[in-house]
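Work through the exercises below with the sequence and the coordinates at hand. Each task is followed by a stepwise solution.

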Amino acid sequence: MIIPYDNCCDGRNAGSYGNTRNCLACGDVDGKFDILFNRVRAIQKKSGNFDLLLCVGNFFGSTPDAEWEEYKTGIKKAPIQTYVLGANNQETVKYFQDADGCELAENITYLGRKGIFTGSSGLQIVYLSGTESLNEPVPGYNFSPKDVSSLRTMLCTTSQFKGVDILLTSPWPKYVGNFGNSSGEVDTKKCGSALVSSLAMGLKPRYHFAALEKTYYERLPYRNHVVLQENAQHATRFIALANVGNPEKKKYLYAFSIVPMKLMDAAELVKQPPDVTENPYRKSGQEASIGKQIPAPVEESACQFFFDLNEKQGRKRSSTGRDSKSPHPKQPRKPPQPPGPCWFCLASPEVEKHLVVNIGTHCYLALAKGGLSDDHVLILPIGHYQSVVELSAEVVEEVEKYKATLRRFFKSRGKRCVVFERNYKSHHLQLQVIPVPVSCCATDDIKDAFITQAQEQQIELLEIPEHSDIKQIAQPGAAYFYVELDTGEKLFHRIKKNFPLQFGREVLASEAILNIPGKSDWRQCQISKEDEETLARRFQKDFEPYDFTLDD
Ligand SMILES: [Zn+2]
């Protein structure tokens, strides 16, 4: 049953105290209506009235039941407005005649096969009845990939879509235990529905309830955004409930209070609980490495939904190596677009075009604004990538080509170059290339300066093997700093919390290397736009003999 989206009361005008809904969620009732409703009565007597009861899993038992007749005929009555999901098996399909939902008894409503129910308070509840089946057409107690994608299309495709308050499914979502607290005897890599996972991933419910496994599991809340890459969003709480009246007394009824998200202050909504974890379903931009940890989501039949989601949202993670599977492999890949204004995306209006000195296929070179020297340059990807960890093989190849070319270029001018990247509080990858005159110091002096000054600031700088790939060392999404010397030697630091933003510059500007301590902050090195233009033109001209983009 679908109650129109905007057909909600003017809860907005009510005092904030009036916005809270007190709800109960229940696992498989299995036809034990008296036990459930007596329990609800006892709770309400003790704690006051609740607004509604949501039942997931099997509402009816498999055996014929005289108890139900009493509710159906009105001899007994549910003490609370109760909403239930449909059948999960052939035996109970008969109770749910109308696929669009209907009243089963006074105060007991079948929501329907799938849809969104908006309560009078504005509380949005998305429901999906039945269990997963991948073979169309599906019987009345199953849902199909089509059902899930139509729900997602209906809800998630508008740009204003932020999430929903509650998601009700009978099966657990597959992989829900990933990155979470133990799900006990239930192995979430094997059991549960991958379609439900993809639905939860897309809908971003604040609460997700499921049942059928005859056990209680409250997962630690998980986040719906990628740290350091996306704005904070609300977290999701997944709660699986046991069956009513189970002898082990596992929890089957869950009480919670919720203010509909549409009535909430944005800052309040996105507050992160202290124990929040990574999203268990996320296929991150660093697919290759995540893939090793959780191979299943990308390999199984429901994987196309993960891809759909990425494309729809235009996230940068859709453009790593995996795109080679696209139907037009020969077309050049469009570089990723930034989520907002970006100073370094070549296509964005914010970029300072006059500083650009060379443009390749995937990367470009620009003079650093307020550089340490007149020939301090940046290697930047044309599209919006946050760190080298995210780059596809062809972009990495061009980055390396630029590095090698710049090394030769600077060598010809009596300089060795130092390259560093800080993937921390930065949105767009910037590889800083700073030439140091050979007469200043030896490579070992530069290395020592970095190590010593790091130690002074309690920064653990580790020497990593020369040919090692940062991708293999940095955890996906993790912040880091690394410096590469002209010999190819690399020093790496995994940033845990605070990291001095100017560290790389400070070391290079210090007496041990360039000896220009006053220039360690780029803001103190700013020059006029005319001067920047002059320097850029000069660099461009000097670099021309080395310009590989002019080849062939
Ligand atoms: Zn960018």
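The exercises cover a metal site, salt bridges, a helix and nonpolar cores.

The model is predicted: local features need pLDDT of at least 70, side-chain atom pairs count only at pLDDT 80 or more, and totals for chains, interfaces and linings use all residues. Residues are numbered from 1 along each chain as its sequence is written, and side-chain values use heavy atoms, with hydrogens and water left out.

**Exercise 1. Identify the protein donors of the zinc ion and classify the site.**

Step 1. Collect the donors (N, O and S atoms within 2.8 Å of the metal, or 3.2 Å for Na, K and Ca; water is not among the atoms, so sites may look incomplete). The search returns Cys342 (SG), Cys345 (SG), His384 (ND1) and His428 (ND1), at 2.0 to 2.3 Å from the zinc ion.

Step 2. Check the angles. Four donors count as tetrahedral if all angles lie between 85 and 135 degrees. The angles among the four donor atoms are 100 to 114°, so the zinc site is tetrahedral.

Step 3. Read off the spacing in sequence: C-x2-C-x38-H-x43-H.

Step 4. Look up accessibility (buried is under 20% relative accessible area, exposed over 50%, partly exposed in between; 1.4 Å probe, protein chains only). Cys342 is buried at 6%, and Cys345 is buried at 3%.

**Exercise 2. Locate the partners in the salt bridges of Glu106 and Lys250.**

Step 1. Apply the criterion: a side-chain nitrogen of Lys or Arg within 4 Å of a carboxyl oxygen of Asp or Glu.

Step 2. Glu106 pairs with Lys77 at 3.5 Å, N to O. Glu106 sits in the loop between strand 4 (102-105) and strand 5 (108-110), and Lys77 in the loop between helix 2 (66-72) and strand 3 (82-84), so the bridge ties together parts 29 residues apart in sequence. Helices (H or I, at least four residues) and strands (E, at least two) are DSSP runs, numbered from the N terminus. Glu106 is partly exposed at 46%, as is Lys77 at 42%.

Step 3. Lys250 pairs with Glu185, with the closest N and O atoms 3.5 Å apart. This pair links distant parts of the chain, 65 residues apart. Lys250 is partly exposed at 24%, while Glu185 is exposed at 61%.

**Exercise 3. Compare the span of helix 1 with the expected value and list its buried residues.**

Step 1. The expected span is 1.5 Å times one less than the number of residues. Helix 1 (residues 33-47) has 15 residues, and its span from first to last C-alpha is 21 Å, close to the 21 Å expected.

Step 2. The buried residues are Phe33, Asp34, Leu36, Phe37, Val40, Ile43 and Gln44. An α-helix has 3.6 residues a turn, so residues three or four places apart point the same way.

Step 3. The buried residues of helix 1 pack against elements including strand 1 (21-26), strand 2 (52-55) and helix 2. Just after helix 1, Gly48 has a positive phi of about 90°.

**Exercise 4. Which residues have the most contacts inside the largest nonpolar core?**

Step 1. The largest has 34 residues, and Leu406, Ile470 and Phe539 have the most contacts inside it. Helix 9 gives the most to this core, with six residues.

Step 2. List the contacts (heavy atoms within 4.5 Å) of Phe539. Beyond its neighbours within four places in sequence, Phe539 touches residues including Val357, Leu365, Leu406 and Phe410.

Terms used
Tetrahedral: all angles 85-135°; square planar, octahedral: opposite > 155°, others 65-115°. Contact = heavy atoms within 4.5 Å. Core = buried A, V, L, I, M, F, W, Y, C linked by side-chain atoms within 4.5 Å.
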